[in-house]
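Please work through the exercises below with the sequence and the model at hand. Each task is followed by a stepwise solution.

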Amino acid sequence: MTTRAAMKSWQSLQSHAQQMKQHHMNELFTNDDQRFDKFSVQLPSMLLDYSKNLITDDTMAKLIALAKECEVEAWREKMFNGERINSTEERSVLHTALRNRSNKAIVVDDVDISTCVQNTLDKMQVFSDKIRQGLWQGYSGKRITDVVNIGVGGSNLGPQMVTEALKQYSDNSVNVHYVSNVDGTQIAEVLRPLNPEKVLFIVSSKTFTTTETMTNANTAMKWLVASSFDQSAIGKHFVAVSSNKENAVRFGIAEENIFDMWDWVGGRFSLWSAIGLPIAIDLGFDKFIELLEGAEQLDQHFCQTPLEQNAPVILALLSVWNCTFMGAQSQAILPYDQSLHMLSAYMQQAEMESNGKSVTWHGDEINYSTVPSIWGELGINGQHAFYQYLHQSNNIVPADFIGSVESVTPVIGHHETLMSNFFAQTQALMEGVDEQQVRADLKAKGRTQEYINKVAPHKVHKGNRPTNTLLMERISPHTIGSLIALYEHKIFVQGVLLQICSFDQWGVELGKGLANKIQQELENGELNINHDSSTYGLIKYYKTIRAN
Ligand code: F6P
């Protein structure tokens, strides 16, 4: 296989990047009044404007040539057809099958998985309806009022982010809580106000081996049994979502209370599966289906649209352009919608766990920079915290601005203030303001020459900072489904372009293994003298203080 460095399109982008660094977006906008029309894509319920990137027609043509040379279309087909593109784990990657609403047969290992998906959806529907209608009762015959989802990483971030994003669509017939941290503070705080007779726990773990989740589930079980004095209460208060039925049963969860997961769904892409059960309980099953439909609509866009207008492909190409070729090291996710306050945390796992790697599919060292670190915050809050850095630091941080035309909770006067900032920020990041203008403005305000000389350099904004703008019509189950699927496919294409196996996560294993050994040392064993002196010293200090 040709290395990326040996590819014509790659080499051409490398030299093109050197030329583009001499340009400013202001000049590109001045010279081309078609820029917005050319560099924006209308999706069914949102608009993507990527014109505020340091790109020209030539850049986009070269990027599309790269996508073609990297065979993005063939890879897309492999993924949707269930080929084992998660090569290091020898698994298919079929989260898209979870939202295949046409029920088209998808065969993996001679099994039509669309039937398994539908069966699990049916079970989710029956179960979520029962909980919501008060037909599922706890050990003392009371209806369930609170559901606590216990899970971490993909078994937490996706459903919690969506629950938060769609809060306004909940009828609050059940309260949904999330516990992910093994720090006992979280579960203690969640459980404190709850009545065990009315709580249902969902233990969400694809592997059913994750220490944090097992620890929290054990604590929850003890809490329940301490109240009911009856082990059999577990059957009425615990369900699990897992692909490891054996472990879930061994843990004490009744087989009929286990919702299937499959090894062809990656944890960080799993909210469309029964991992989304808390969403269905919170919003109602029909809204969960709308979420799936929104994602499916984006899947169709991804599969059917030419690369030149294909939103996830464009986002992936721009990320590679800005980071690999232009040298940006991080990327900000900046939602201007309160309901999306967990979006950047979700995106961190989605992109960084997928593509934060440094060898190719074949295990060869990668000698170009791959994905940026992802970070972010609600836009408005960020403006009063770290936007200073975005505007004036020497590090260029490409940013995705995400907002909605209509607010789901309109309060007079608020939305226009919010959105005027949304539009102003990308304009400011792009245009900047030069010293000549700064001086003229200060002079017009009657400032002294001495003051102008002192302050002017500090007020210069160089601009030329790349942003994408995603403007949704309105937050809804449908648009949130599309938004998440858009980024999922972006991440997949990014992996193809960078030759990364996006669907494994070996990098989390080393720390997990060491933690297991250290836990034994903390709980009872001797201190391991073979630790490096730093780790040894820290554990020794910890044990000494704990012992006193
Ligand atoms: O931390 C790694 C990871 O394996 C994630 O990829 C995954 O989403 C999370 O842990 C939780 O895993 P599980 O659902 O198996 O408990």
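Predicted model: local features only at pLDDT ≥ 70, side-chain atom pairs only at ≥ 80, totals over all residues.

Residues are numbered from 1 along each chain as its sequence is written.

**Exercise 1.** Determine how helix 4 and helix 14 are oriented to each other.

Step 1. Helix 4 (residues 57-69) and helix 14 (residues 311-325) pack with their axes 10 Å apart, at an angle of about 105°. Helices are DSSP runs of H or I with at least four residues, strands are runs of E with at least two, and both are numbered from the N terminus. Axes are lines fitted to C-alpha atoms over the stretch in contact, and angles run from 0 to 180 degrees between N-to-C directions.

Step 2. Helix 4 and helix 14 are therefore roughly perpendicular (65 to 115 degrees).

Step 3. Helix 4 contributes Thr59, Leu63, Leu66 and Ala67 to the contact, and helix 14 contributes Val313, Leu317 and Trp321 (contact: C-beta atoms, placed from the backbone, within 7 Å).

**Exercise 2.** Identify which residues come nearest to the ligand.

Solution. Of the 14 residues around the ligand, the nearest are Gly153, Gly154, Ser205, Thr210 and Gly267 (around: C-beta atom, placed from the backbone, within 6 Å).

**Exercise 3.** Is Asn172 buried or exposed?

Step 1. Asn172 lies in the loop between helix 7 (157-165) and strand 6 (175-179). Although not a glycine, Asn172 has a positive phi of about 55°.

Step 2. Asn172 counts as exposed because it has 8 C-beta neighbours inside 10 Å (exposed: 12 or fewer other C-beta atoms, placed from the backbone, within 10 Å; buried: 20 or more; partly exposed: in between).

Methods. Parallel < 35°, antiparallel > 145°, perpendicular 65-115°, else oblique. Contact = placed C-beta atoms within 7 Å.
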